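Visitor: Please take me through this structure slowly, and set each label you use against the value and the definition behind it.

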Amino acid sequence: MIQKVRRKFIMLSTACLAIVLIFCLGLLVIVNFNQATRERNRVMDILVTNNEQLTPSNSGKVVGNRNNPLSRNFSPGQGNPESVYQYRYFTVMDLDGDGKNLQVMKGQKNYRLSTKQKKQAAQEVLEKNRRNNQIRLAGSFYKYEIVTNPNGQRMIIFLNTSLIYARSWYLLRMSTLLGVGTLIIFALILGFLSNKAIKPIAAAYKKQREFITNAGHELKTPLAIISANTEMEEMLGNKSEWTESTKQQTKRLTDLINQLISMSRIGEHGDLVLAKVNFSELTEENSKSFSSMMKSDNLDYQINIQPNLSVMAEKRSLGEVVNILLDNAHKYCLENGKVVVDLHRSTLNRNVILKVSNSFKNDKKIDYNHFFERFYREDESHNNKKSGFGIGLSMAKDIVTAFNGKIDVNYDNNTQMISFIVTLKIAK
């Protein structure tokens, strides 16, 4: 249990850090991509406004906004005028306006991009008849825009955006690597330090379990003596309601001690060695042992079990789960009610489902989630009409959890039956 809590703490702490990193690094990357988009639009705006030219002499001009209000007061060469030469672009002019006679403007070089490829790209753009879009050329993305020069001729301006976004993509990759690396290192450090942090808690928990076990065995001796003395008194002819009450309370205390000892032993999963268990045979055997008890209380007892269903479990402990659920159903079933035991495969044939149901009077005040808490009793007065200590269902949950399964409870208003459902994976 301690190790399970430790693992949950490490996972929760790592998840919290992951959320913080995703938010902070994600915000940084989003801002950077947004800046790159602004830069792309503003450089294109300058090229369009300044007759497809981008030089230190015109890069500092205040450019009017044609498509993007954020394109004002932009100077790509600000601080270092020569930085404008980092942008790669080219222009193709449609001389006749029919898209057939195309001319590539001189002085604009692009890596692995020939004049023929530039003309083909321009023809493709003119055929699409889209004024502003993006195209992929020679492994790079180009944003293009169709404009008309003072002579009335159409021009298609292509701007390499891969270069502009290169820093943003690099930042994204580095942020991802940094985030994953930070999480791994954090989890390793937390795992190492948590071992030291939980040592006192683990030691205290171990001593508590040992105390329960030792105290239980010590208490059994005087209880056995009290029981033997009471029986001797009855054999000597002193049988009375007081001796009968003493025997009942002695048995009650013995049962409580046995359950406490069992619960402390189940506290750690390492105590259970899992093996393939025939769940069908085990359930049928334990269910039949309750038949006479159910019949004596005039209960409608139904058993529906699919054969040859096996799970990975510990046989004795799994049998204890079945007995706990059957005993619980018998104790809390309504008078002349019904108890149903159903064992079957799940819909996808991945799990085995044990469902133990009994007639039960629903009360809106009852919180069914509390049923698996230790020492919880629906009857807060703890009278003896329904004998029990509120430990059984808690034990059942601990055992099922140790088998990597789950146990749930629900109430059906139509049938007025409460059901405890155990789900375990099928053993292959």
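**Labels and their values**

Guide: Helices (H or I, at least four residues) and strands (E, at least two) are DSSP runs numbered from the N terminus. The model is a predicted one, in which local features need pLDDT of at least 70 and side-chain atom pairs count only at pLDDT 80 or more, while totals for chains, interfaces and linings use all residues. Residues are numbered from 1 along each chain as its sequence is written, and side-chain values use heavy atoms, with hydrogens and water left out.

Visitor: What makes helix 8 and helix 9 a packed pair, and at what angle do they pack?

Guide: Their axes are 9 Å apart and the angle is about 145 degrees, with helix 9 covering residues 392-402; axes here are lines fitted to C-alpha atoms, for helices over the stretch in contact, and angles run from 0 to 180 degrees between N-to-C directions. On the helix 8 side the contact (heavy atoms within 4.5 Å) is made by Ser 317, Glu 320, Val 321, Ile 324, Leu 325 and Asn 328, and on the helix 9 side by Gly 392, Leu 393, Met 395, Ala 396, Ile 399 and Val 400. These residues divide into eight nonpolar, three polar and one charged, where Ala, Val, Leu, Ile, Met, Phe, Trp, Tyr, Cys and Pro count as nonpolar, Asp, Glu, Lys and Arg as charged, and the others, Gly among them, as polar.

Visitor: Why is helix 9 called mostly covered?

Guide: Eight of the eleven residues of helix 9 are buried, a label given under 20% relative accessible area, with exposed meaning over 50% and partly exposed in between (1.4 Å probe, protein chains only). The buried residues of helix 9 are Leu 393, Ser 394, Met 395, Ala 396, Asp 398, Ile 399, Val 400 and Ala 402. Helix 9 is followed by Asn 404, which has a positive phi near 60 degrees.

Visitor: Why are helix 6 and helix 8 called oblique to each other?

Guide: The axes of helix 6 (residues 279-288) and helix 8 (residues 315-332) come within 10 Å and cross at roughly 45 degrees. Angles under 35 degrees count as roughly parallel, over 145 as roughly antiparallel, 65 to 115 as roughly perpendicular and the rest as oblique, and helix 6 and helix 8 are therefore oblique. Their crossing is right-handed. Phe 279, Leu 282, Thr 283, Asn 286 and Ser 287 of helix 6 meet Lys 315, Leu 318, Gly 319, Val 322, Asn 323 and Leu 326 of helix 8, a set made up of five nonpolar, five polar and one charged.

Visitor: How do you know whether Val 43 is buried or exposed?

Guide: Val 43, which is found in helix 1 (residues 2-49), has a relative accessibility of 0% and therefore counts as buried. The C-alpha atoms of Val 43 and Val 84 are separated by 9.2 Å, although these residues are 41 apart along the chain. Thr 14 also lies in helix 1 and is called buried because its relative accessible area is 16%; leaving out residues up to four places away in sequence, Thr 14 touches Leu 183, Phe 186 and Ala 187.

Visitor: What makes Ser 140 a buried residue?

Guide: Its relative accessible area is 18%, so Ser 140 is classed as buried. Ser 140 has its place in strand 4 (residues 140-148), and its contacts, apart from neighbours within four places in sequence, are with Ile 135, Asn 160 and Ser 162.

Visitor: Why is Asn 349 called partly exposed?

Guide: Its relative accessible area is 47%, and Asn 349 is therefore partly exposed. Asn 349 is in the loop between strand 9 (338-345) and strand 10 (351-359) and has a positive phi of about 60 degrees although it is not a glycine. Most residues other than glycine have a negative phi. Gln 416, in the loop between strand 11 (406-412) and strand 12 (417-425), has a positive phi near 55 degrees, and its relative accessibility of 47% makes Gln 416 partly exposed.

Visitor: How many helices and strands does the protein chain have?

Guide: The protein chain has nine helices and twelve strands, and buried residues make up 39% of its 428 residues.

Conventions
A crossing is left-handed if the near helix is turned anticlockwise from the far one by less than a right angle, and right-handed if clockwise.
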